[in-house]
Amino acid sequence: MKDRLRQELEAALRRLLQGFGDEGPVPEFALEVPRNPDHGDFACNAAMLLSKRLGKPPRDLAEALAAELGDAGGLVVAAEVAGPGFLNLRLASDRWQDLLGQILRAGDAFGSGDTLAGRRVQVEFVSANPTGPLTLGHGRQAVIGDCLARLLAAQGAEVVREYYFNNGGRQMRILGESVKARYLEQLGRPAEFPEDGYQGEYIAQIAAALREREGDAWLDEPGDGRFREEAEREIFGWIRRSLDELGIHFDVYFNEHSLYAEGKNDEVLALLRERDLVYDAEGAVWLRATALGLDRDRVLVRGTGEPTYLLPDIAYHREKFGRGFDAIIDVQGADHFAQFPFVQKAVGALGFDADAVELVMHQFVTLTSGGEQVKQSTRKATYVTVDELLGDVGPDVFRFFMIQRKSDGHLDFDLDLAKETDWKKNPAYYVQYAHVRTHGIERKAQEKGLAMPGADDVEASRLELPEEVELLKKLGEFPELVERAAEAREPHHVAFYLRELAGLWNPYVQDGTRHRVLSDDPGLTAARLGLALAVRIVLRRGLALLGLSAPERM
RNA sequence: GGCCCAGUAGCUCAGCUGGAUAGAGCGCCUGCCUCCGGAGCAGGAGGUCGCAGGUUCGAAUCCUGCCUGGGUCACCA
């Protein structure tokens, strides 16, 4: 409907321009739903954009545009010039109501688009190494990545969720040593805890479990290898369980080690060397990043012969391109932000489309309870884990709170509000409860022997109350919202939209005096049941995009 | 110090990529209904959009410079 209106406006603008002897392009104008309903259903700013170009006052141009537009093929009943030169358009009222039939016919397909049809997109996220339980930062990233993947899929993309991890190297060695030290301590043996070892209590837990199972059989185990394997297996188990509980499943777990094993790092090194982007200095191998416009060079291979993380990361991204993705999205915490340009530029230098690699960055999570910030210290290992928080609030609330904020910018997780079980206060429940109510109404209807109407059974023109039209308008915004959120990689918009929709629907249902869904008027009842169904469809779709359940009862 | 992000109501935050009188939730205030140490309904107050310039018919939004908070500047990942 909006698209048709836009086409009509473009045509009218072209005629208008021709009238002035201007054969230039039609400007990119905005067509939006004004905040103030008095300003009509849609407002168009084209006249103001053309004012300078045509040397005419904007209001005069808007007047002329209105004349050219006419009734836009029966779409528009009123067009008035307002303010500095807006053209406010009011649609024939049944146009909004046609929307109801569209939603009911589309069902769960409503809100899906095809802007990414046929595109292969990879979303890489979480990617936590198995050195400890998932932190809230990881939790946020997990939810952002997963919601993003859902949004992209809703626009027709073929999405691969990927988890990149490294179970080798220095940090894993320290992990093994830490577990070993705790194990020995627990059995009363002298043990030297590594200087930068992992302090967390979970290390002792792993050691204790080991002692339980193996007794003192590992006392004389040489080195840290078996301890490391044990810790990795255990910790990865925790991570997988947390992700499972959040409803997040990866298509690919990519082990950094395979890049070494298959010689991919060496290949990249050779390719970069061919392009004179590599040099040797101070015993190390360097990336000539300054030649790529970055502010300093970086080490690719340490003096010890071991690559830094950067080399495999470049190789990894080369490998991603090799798999034919049209877009590669890396979701990362702000602490990794500075590294991204090196990977991106290096991949570009290898001949790949650097712009196809995108970064979705997110800031950290703080936890607030009782008006106080809960101290998070990785060092002292007093941080709250995803698991603990999930235990407190459950996956739905967890996800909703994590996706509620735009990913740039800090997220303050209000634990008290999250634990709040009153549906009116907790926004996650508020949205879910709105969905429940569509089922509550259906149950009521069934008691009266009424079935939910099909798309062709509703006389949508019966929905005349302002609050009903407002609901329909809000429902109509959904597809555009999904498209925009996917395009901008900003899943938080969905959460806000749902909160707003629920904020219209809940009071509508609650107010049983002004209007009742189930009345003595069969036609009106059918129309309102249709509205309930449409609201349900959109809420269910929106909740699914966020990975929340859409319960029928609460 | 360089770079990145943020600064909007008492608090937590939106603000559809430059539009009209800047919004939501929580909190607060007032009335009504109940009068149970609770909850509901209706209404209300609350803003120099960090500061100062600039671009524009028009700026919370774009540009420049400052201020504040966080992040980051490893031969850690």
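Start with the open sheet of 4 strands, whose order is β1-β2-β4-β3 with antiparallel pairing. Strands pair here if DSSP finds at least two bridges between them. Helices (H or I, at least four residues) and strands (E, at least two) are DSSP runs, numbered from the N terminus. The edge strands, β1 (31-32) and β3 (76-82), each pair on one side only.

Before going on, note that this is a predicted model, in which local features need pLDDT of at least 70 and side-chain atom pairs count only at pLDDT 80 or more, while totals for chains, interfaces and linings use all residues. Residues are numbered from 1 along each chain as its sequence is written, chains are lettered from A and ligands numbered from 1 in the order in which they are written, and side-chain values use heavy atoms, with hydrogens and water left out.

**Stop 1: the strands around β4**

Select β3 and β4. The two run antiparallel and are joined by 6 bridges. Val-76 stands opposite Leu-91 in β4, and Ala-78 has Arg-90 in β4 as its bridge partner. β3 and β4 form a hairpin with 3 residues between them. In the turn, Gly-83 has a positive phi of about 55°.

Phe-42 stands opposite Leu-89 in β4. When viewing side chains, recall that in a regular strand they alternate between the two faces of the sheet.

**Stop 2: RNA strand B**

Sugar and phosphate account for 70% of the atoms of RNA strand B that come within 4 Å of the protein.

- Lys-52: a polar side-chain atom lies 2.9 Å from a phosphate oxygen of RNA strand B.
- Tyr-309: a backbone N or O atom lies 3.1 Å from a phosphate oxygen of RNA strand B.
- Glu-282: a backbone N or O atom lies 2.7 Å from a base nitrogen of RNA strand B.

Next, colour the elements that give two or more residues to this surface: α2 (46-54), β4 (86-91), α6 (169-186), α17 (478-488) and α18 (492-510). α18 gives the most, with 5 residues. By residue class, the surface near RNA strand B divides into 15 nonpolar, 16 polar and 17 charged. In this count, Ala, Val, Leu, Ile, Met, Phe, Trp, Tyr, Cys and Pro are nonpolar, Asp, Glu, Lys and Arg are charged, and the others, Gly among them, are polar.

**Stop 3**

Move to α11 (residues 310-322). This helix has 13 residues and reaches 18 Å from its first C-alpha to its last, close to the 18 Å expected at 1.5 Å a residue. The expected span is 1.5 Å times one less than the number of residues. Of its 13 residues, 10 are buried, where buried means under 20% relative accessible area, exposed over 50% and partly exposed in between (1.4 Å probe, protein chains only). Among the buried ones are Leu-310, Tyr-316 and Lys-320. Just after α11, Gly-324 takes a positive phi of about 80°.

From Lys-320, step to Gln-122: their side chains make a polar contact (3.1 Å). Gln-122 lies in strand β5 and counts as buried, at 0% relative accessibility. Leaving aside neighbours within four places in sequence, its contacts (heavy atoms within 4.5 Å) include Val-160, Glu-162, Tyr-316 and Phe-325.

**Stop 4**

Select Ala-142 in helix α5. Ala-142 is buried, with a relative accessible area of 0%. Not counting residues up to four places away in sequence, Ala-142 touches Phe-125, Val-126, Leu-243 and Ile-248.

Ser-127 is in the loop between β5 (120-124) and α5 (136-154). Its phi is near 50°, a positive value in a residue other than glycine. Ser-127 counts as buried, at 18% relative accessibility.

Finish at Asp-276, in the loop between α10 (264-274) and β8 (278-281). Asp-276 is not a glycine, yet has a positive phi of about 60°. At 48% relative accessibility, Asp-276 counts as partly exposed.

Technical notes:
A residue is near a molecule or strand if one of its heavy atoms lies within 4 Å of it. A polar contact is a pair of N or O atoms within 3.5 Å; within protein, one must be able to donate a hydrogen and the other to accept it, and residues adjacent in sequence count only if both atoms are side-chain atoms.
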